[in-house]
Amino acid sequence: MAKRVTLTKKEMAKRAAVRKRGNSAARPSAFKLTYSTMFNPPEAMHTKYDQALAGIKANLGRDYGMLINGQEVFTETKFDDRSPINTQWLLGAFQKGGPVHADLALAAAQAAWPKWAGLRWQERVRLLRRAARQIEKRVYEIGAVMSLEVGKNRMEGLGDAQETADLIAYACDQMEANGGYIKEMGRDPLAGYHVTNTSILRPYGVWVVISPFNFPMALAGGPSGAALVTGNTVVFKPASDTPLTGRLLAECLRDAGLPDGVFNFVTGSGRDIGQPLIDDPRVAGITFTGSYEVGMHIYRGFAAGRYPRPCIAEMGGKNPAIVSRNANLEDAATGIVRSAFGLQGQKCSANSRILVEAPVKDALTQLLVDKTRAITIGDPTRRENWLGPVINAAAFRQFSEFSEELSQAGEILTGGHQLTDGELSQGYFCEPTLVDGVPHGHRLWKNEMFLPISMIAAVDSLEEAMRRANEVDYGLTAGFYGSKKETDWFFENIQAGVTYANRPQGATTGAWPGFQPFGGWKGSGSTGKNGGGLYYLPLYLHEQIRTKVERAKLPT
Ligand code: NAP
């Protein structure tokens, strides 16, 4: 029976205010797009997506500037942003920024910082809520751009866009729930004096945000929203494969009315502009999301500064699903296939390792092969296609190299080929690939491939599965299918920041601010706190204790 809760008048007023404001987590709406609800969306969603897509396709190929200090900045040399669906589709031309532009952007962010940090926190919340609304207003356009630029199917594209608005709104919610992180501490009982102690979390200064290609909106807008609402100013560099999505984020923040210099958008390669940004002593903090190799390089390099500065590094994964002999195999197979191959296996949370108890291995394998073969592959902007292309020529080539290596080491049960016929010939399409029989010591049990390839192995016990699950340097996500008692044991023993049990929507994938905050342990993340969660905003703030003493007035 549901527990009855009696609210005070003050609590009722607070809840009414939250509802009116449109708190993302509390908003009562008929359809709320999340990774969990995206499996059966209303028809109107498809219509709006198709209209937005047509509009974008009619206007492709523009020259897009960087946005520094509120100004469009162009360079002589550009790079092309082409769609992995069809490389003939030129999405736009972007500026090849370098050290000069890193310097310009950092100078702008530094100049804007005192005023931005000095605003009342409620004013920053107001502006960031406007930014979240701008994103929601453009959610179909942004989702469709991500389909074209990343190769996301329509639900994945829209999910990424909506999640960005919700991450920013959630950061605003957290500022409010914590009263701007200003808290009264204990009072010293000092005779003759009146003493107050106040803890206040304050922003660091200029924050650099560097994002990956696979969630180019959420993993740029989420960290940027957190940095901005807490009072830092931002220089943001997107991945070179996804500058157009980054540009749309910058436009939403600009159109929300952020003052010039508070958010700066630069483009160019990691080497040419990313490295100068992270090497600059004016930078007070960094949020990097991307591969383990680049993340550790940045983490180590940043530590070489004159004093320690925060470096939030969100990195890769090698995410296991453990399947017990007591599992519901249908749910397990559905969840595994969605997580192994969703977004072409290019999610940091992709399920790349399947460890199944020997008595049910054959039955699970058959289900996985059947479901994998039923996947529809093609232009992911089309409603009927679930699997799109991989991101670029290098990933396309690596798919063949890994497939070849794995076919030598084990047996490819299904997949293993690039798809190059007909209209797929202009893009980077690969078959979803399931591999069996690869020896335990093989390097690809430990290294992230970031492609639609997953490996399966039988284990003699759940203990053996757990040992193998935890033996890698990563600790991002993990999934389990089994009995209730086994599930409790799984949660206690698995080394990962995001864990799921008996979930058909995805064995190892799924995140939503306020619901499933996302972050990793070990080599998957440097802070041990998850984005979109309760403990994230303080990462962007340092604490100051203010002890104030006044002489008590003597009685006259
Ligand atoms: P990546 O190659 O590591 O690149 C990430 C970003 O770093 C890009 O913007 C890249 O710019 C930039 N960069 C590269 N070298 C740099 C340098 N020396 N200095 C500064 N910036 C530099 O990763 P990706 O291929 O885009 O993304 C896939 C990876 O991200 C996977 O490993 C995935 O697991 C991980 N990921 C993790 C999470 C998480 O939450 N833990 C989420 C999503 C993705 P260029 O594009 O210009 O090279």
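**Figure 1. Pairing of Thr477 with strand E22 in the predicted model.** Thr477 stands opposite Val498 in E22; the model shown is predicted. Strand E21 (residues 477–481) runs parallel to E22, and four bridges join the two. Helix H15 (residues 484–493) packs on the sheet, where it touches strand E13 (319–323), E21 and E22. The direction of H15 makes about 170° with that of E22.

**Figure 2. The open sheet of seven strands.** The strand order is E15-E18-E19-E14-E13-E21-E22, with mixed pairing. Strand E15 (411–414) and strand E22 (498–501) form the edges, each pairing on one side only. On average, neighbouring strands of this sheet are turned by 20° against each other, direction ignored.

**Figure 3. The aromatic pair of Phe213 and Phe450.** Twelve aromatic pairs are counted in the model. In this one the ring centres lie 5.8 Å apart and the planes stand at 80°, so the pair is edge-to-face. Phe213 belongs to the loop between strand E8 (206–210) and helix H7 (218–229), and Phe450 to the loop between strand E18 (433–436) and strand E19 (453–459), 237 residues apart. Phe213 counts as buried because its relative accessibility of 15% is under 20%, whereas Phe450, at 22%, is partly exposed.

**Figure 4. The aromatic pair of Phe236 and Phe265.** This pair is tilted, with 6.0 Å centre to centre and 35° between the planes. Phe236 lies in strand E9 (residues 233–237) and Phe265 in strand E10 (residues 263–265), so the contact ties together parts 29 residues apart in sequence. Both residues are buried.

**Figure 5. Arginine over aromatic faces.** Arg309 lies over the face of Phe302, at 3.8 Å from the ring centre. Arg468 lies over the face of Trp445, at 4.7 Å from the ring centre.

Note on methods:
Residues numbered from 1 in each chain as written. Predicted model: local features only at pLDDT ≥ 70, side-chain atom pairs only at ≥ 80, totals over all residues. Heavy atoms only, no water. Pairing = 2+ DSSP bridges. Axes fitted to C-alpha atoms, helices over the stretch in contact; angles between N-to-C directions. Contact = heavy atoms within 4.5 Å. Phe/Tyr/Trp six-rings, centres within 6.5 Å; stacked < 30°, edge-to-face > 60°. Buried < 20%, exposed > 50% of the residue type's maximum accessible area, 1.4 Å probe, protein only. Lys NZ or Arg CZ within 6 Å of the ring centre and 35° of its normal.
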